[in-house]
Amino acid sequence: MTTLPPVQVAISIDFMKAFGLVPRGLQNKVRQFVEKFQARPTAPGLNYEVIRDARDPNLRSVRMDDTYRAIVLKPSQGNVYALLWVDHHDDAYAWARRRQVIVHPTTGTLQVLVSAPEDPLHPVPRAESQPPAVPVTPLFADLPDDALLRLGVPPLVLDRVRALASVPDFEAMGQSEELPPEAYESLGFWRAGYTVDEIIAERLGRYATDIPVAIDPDDFAAALDKPETRARFRVVTDDAELARMLEAPTELWRVFLHTSQQRLVQQKAEGPRRVLGGAGTGKTVVAMHRAVHLARAVFCGEHDRIWFTTFTRNLAEDIAANLDQLVSGPVRDRIEVTSLDAWVLRFLNGQSRDVRRSYAFRDNPVVKAAWEGACQAAPDHLSEAFVRDEFQQIVLEHALTTEDDYLRFPRKGRGT
């Protein structure tokens with residue numbers, strides 16, 4: 001007796017974008033449908049309708065109500081179901097007719113291909129009516145087919161990519177998603193001077209060597225497990241996770257990470273790591289997902305704790321609120337978010353000290369008066385610089401709390 005693989009239900013980033021555009025009054029109905037679909041995509045009540053004139057025979061529509069439809073990937077074999085889009089009846093069907101979901105034959109990733117829209121009002125001129133073309137070197141003339149495939153270019157658009165002769169045409173192909181995002185990004189890196197191997201290493205890191213020699217074009221389950229696929233598809237197995245996704249559908253950072261972000265989140269690091277990037281590149285998003293990963297998979301003991309800190313109190317409050325949306329339960333309880341200042345004050349107050357903030361050290365009159373008093377009380381042969389160094393390097397550095405502790409502290413190497 002053959003045992004079927006477990007059912008996998010995935011939600012695409014396109015579905016979440018479309019769900020965010022559904023009128024708010026109808027979102028609850030869509031949410032109820034998704035919850036039922038995730039729980040049992042093979043339920044008899046679901047009527048998978050064939051989409052006439054669709055490019056992809058694996059795409060189906062599912063009725064939500066009299067006007068709205070979900071577009072679902074339902075392969076002819078295997079046990080994978082993927083929610084791809086949700087829209088008004090006619091618009092949903094139009095979206096599906098231009099899409100085809102494939103397993104890339106070289107990278108093994110799941111890709112959604114978009115065909116160019118037909119425009120009957122502006123037909124492409126016949127070849128004989130076009131003026132003689134000026135010879136132009138194509139943008140990717142130096143890349144052989146196998147290199148283009150390794151960079152994620154689908155076989156169906158190889159000829160179109162090879163024919164690209166201008167940057168605006170390349171950008172238009174990427175913006176329309178006729179070229180999948182990972183392929184568009186990789187080709188952009190190549191034009192910037194990176195080699196094919198450097199691009200793959202940067203994009204996938206340790207996953208670069210995981211690509212098998214032979215890819216099964218019908219194995220959608222294996223494709224869902226690829227790092228690049230997880231940047232656009234999320235397999236949902238937890239009801240609480242699904243609820244958080246549907247409560248804030250436009251906050252895609254909580255669900256979908258770029259492959260380079262995934263690598264940073266899941267890397268095995270010994271010692272400190274520094275992540276560099278300009279404003280808006282996702283450093284804080286990576287840090288939050290990293291904290292969740294550590295609390296969930298590394299430091300998962302009852303008494304383990306992850307401390308997430310920043311210099312800004314408002315940012316710490318925002319991060320704590322975002323973590324509440326990202327994860328819950330014991331994993332969230334193991335992550336403490338405080339500003340550095342707040343943690344230091346709490347620690348010092350825990351040492352039975354009366355601690356007050358001094359934000360402008362040099363200009364604060366109370367602090368200046370305290371230092372002047374300390375220097376005046378010191379013997380004449382001790383300079384103010386020595387007193388400050390003594391306080392910072394001996395008293396603070398070694399947590400000396402009483403006069404006796406200070407007097408007993410070894411003076412070797414201190415001179416005076």
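With which side chain does the side chain of Arg 332 make a polar contact? In this predicted model, the partner is the side chain of Asp 324, at 2.8 Å. Arg 332 is found in helix 15, which spans residues 329-333. A second polar neighbour is supplied by the backbone, as the backbone oxygen of Ile 335 lies 2.8 Å from a polar atom of the Arg 332 side chain. With a relative accessibility of 14%, Arg 332 falls below the 20% limit and therefore counts as buried. When neighbours within four places in sequence are left aside, Arg 332 is in contact with Ala 320, Leu 323, Asp 324, Val 327 and Val 337.

The overall architecture was examined next. The protein chain comprises 19 helices and ten strands. Of its 416 residues, 39% are buried. The chain exposes about 25100 Å², of which carbon and sulfur atoms supply 53%. Among contacts with a separation of 6 or more, 60% are made by residues 24 or more positions apart.

A search of the whole structure finds eleven aromatic pairs. In one of them, the ring centres of Phe 37 and Tyr 81 are 6.4 Å apart and the planes stand at 80 degrees, so the pair is edge-to-face. Phe 37 belongs to helix 2 (residues 24-39) and Tyr 81 to strand 5 (residues 80-88), so this pair ties together parts that are 44 residues apart in sequence. Both members are buried: Phe 37 has a relative accessible area of 1%, and Tyr 81 has a relative accessibility of 8%. Phe 140 and Trp 190 form a tilted aromatic pair, with 5.9 Å from centre to centre and 50 degrees between the planes. Because Phe 140 lies in the loop between strand 7 (110-114) and helix 4 (145-150), whereas Trp 190 lies in helix 7 (residues 181-191), the pair ties together parts that are 50 residues apart in sequence. Phe 140 is buried, at 0% relative accessibility.

Phe 37 and Tyr 81 also belong to one aromatic cluster, together with Phe 33 and Tyr 48. Within this cluster, Tyr 48 has a charged neighbour: Lys 74 lies over the face of its ring, at 5.3 Å from the ring centre. A further arrangement of this kind involves Arg 388, which lies over the face of Trp 371 at 4.5 Å from the ring centre.

Helix 8 (residues 196-204) was considered for the placement of its buried residues, which include Val 196, Ile 199, Ile 200, Arg 203 and Leu 204. These residues cover an arc of only 100 degrees around the axis, and therefore lie on the same side of helix 8. The buried residues of helix 8 pack against helix 4, helix 7, helix 10 (227-230) and helix 12 (259-266). Not counting residues up to four places away in sequence, Gln 262 touches Pro 227, Arg 230, Ala 231 and Leu 257.

How values were computed. Residues numbered from 1 in each chain as written. Predicted model: local features only at pLDDT ≥ 70, side-chain atom pairs only at ≥ 80, totals over all residues. Heavy atoms only, no water. Phe/Tyr/Trp six-rings, centres within 6.5 Å; stacked < 30°, edge-to-face > 60°. Helix = DSSP H or I, 4+ residues; strand = E, 2+ residues; numbered from the N terminus. Buried < 20%, exposed > 50% of the residue type's maximum accessible area, 1.4 Å probe, protein only. Lys NZ or Arg CZ within 6 Å of the ring centre and 35° of its normal. Polar contact = N/O pair within 3.5 Å; in protein donor to acceptor, adjacent residues only side chain to side chain. Contact = heavy atoms within 4.5 Å. Areas by Shrake-Rupley, 256 points an atom, 1.4 Å probe, with all protein chains shown as cover. Arc of directions from axis to C-beta.
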